[in-house]
Amino acid sequence: MSGWNATIAKKTDYILEQIKQHPFIKELMAGTLSEEVFLFYINQDALYLSEYKKVLATIGVKCAEEDETQFFLDAATGIIHVEDALHQLFLKDKPLTKEPSPTCELYTSYLARMVNTSSVEEGLAAVLPCFTIYKLIGDYILAHQTNTEDNPYQNWINTYGGEAFAESVRKAVAITDRYAAAASEEVVRRMDMAFEKASKLEWMFWDSAYQKEAWKI
Ligand SMILES: Cc1ncc(CO)c(N)n1
């Protein structure tokens, strides 16, 4: 079955390629990423996830079918467990900031705007790369890493490379494909733009962590 997601994934493959080539991912995969950079990332990701949870609940409420609403509400609830696990594993006793980086702010604000003020189709398209890119990157790392035994970041890698996350991604793709199939050409064009922008923001999120991005003032 080849739906909207398969087409837009092909068109935006250049972004996925650049994520795979990014030093953050290369060093994460090798286990050589500096702890400081990783903690910056996990801290920002915890801030990201607490907003993303609201984004998922919002898009869920906007979906027409009961099973679609339930899926996104479950995904939002699932994030609480991911957050807890990441905190337990990596952030215990570490100093944390509650201030989102510029890129974290940009990404969560963009998603919140899309699900609150755009069509349900565009909202779904904006949210989808959070599922699909993490899945593809998780799988990519698992397939290519050489040191699964002593990589300090293995627990993070396993979260996104695992089958539980894969099932959730399949459902998110199926729902979004269903809406795209019923949408006008103009709406599909807007969905494409939202997916591409959110995919770029995924690249920027890793890049901003690698740079330990600060506010300019
Ligand atoms: C920035 C970002 N995107 C997607 C995911 C996967 O939920 C995550 N944890 N963080």
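Q: What do the buried residues of helix 4 pack against?
A: They pack against helix 5, helix 6, helix 7 and helix 10. Helices here are DSSP runs (H or I, at least four residues), numbered from the N terminus; buried means 20 or more other C-beta atoms within 10 Å of the residue's own, exposed 12 or fewer, partly exposed in between, with C-beta atoms placed from the backbone. This is a predicted model, where local features need pLDDT of at least 70, side-chain atom pairs count only at pLDDT 80 or more, and totals for chains, interfaces and linings use all residues. Residues are numbered from 1 along each chain as its sequence is written.

Q: Which residues of helix 4 are buried?
A: Y41, N43, Q44, D45, A46, Y48, Y52, V55, L56, I59 and G60.

Q: And the largest nonpolar core, which members touch the most others?
A: I59, L111, V127 and L128, out of 49 residues. Helix 7 (residues 120-144) gives the most to this core, ten residues. Such a core is a set of buried Ala, Val, Leu, Ile, Met, Phe, Trp, Tyr and Cys residues joined through C-beta atoms within 7 Å.

Q: What is L128 in contact with, beyond four places in sequence?
A: N5, A172, V173, T176 and F195. Contact means C-beta atoms, placed from the backbone, within 7 Å.

Q: Switching topic, what's up with the phi of D93?
A: D93 has a positive phi of about 60 degrees, though it isn't a glycine. Most residues other than glycine have a negative phi.

Q: Where is D93, and is it buried or exposed?
A: D93 is in the loop between helix 5 (66-91) and helix 6 (102-117). It counts as exposed because it has 4 C-beta neighbours inside 10 Å.

Terms used:
Helices (H or I, at least four residues) and strands (E, at least two) are DSSP runs, numbered from the N terminus. Two residues are in contact if their C-beta atoms, placed from the backbone, lie within 7 Å.
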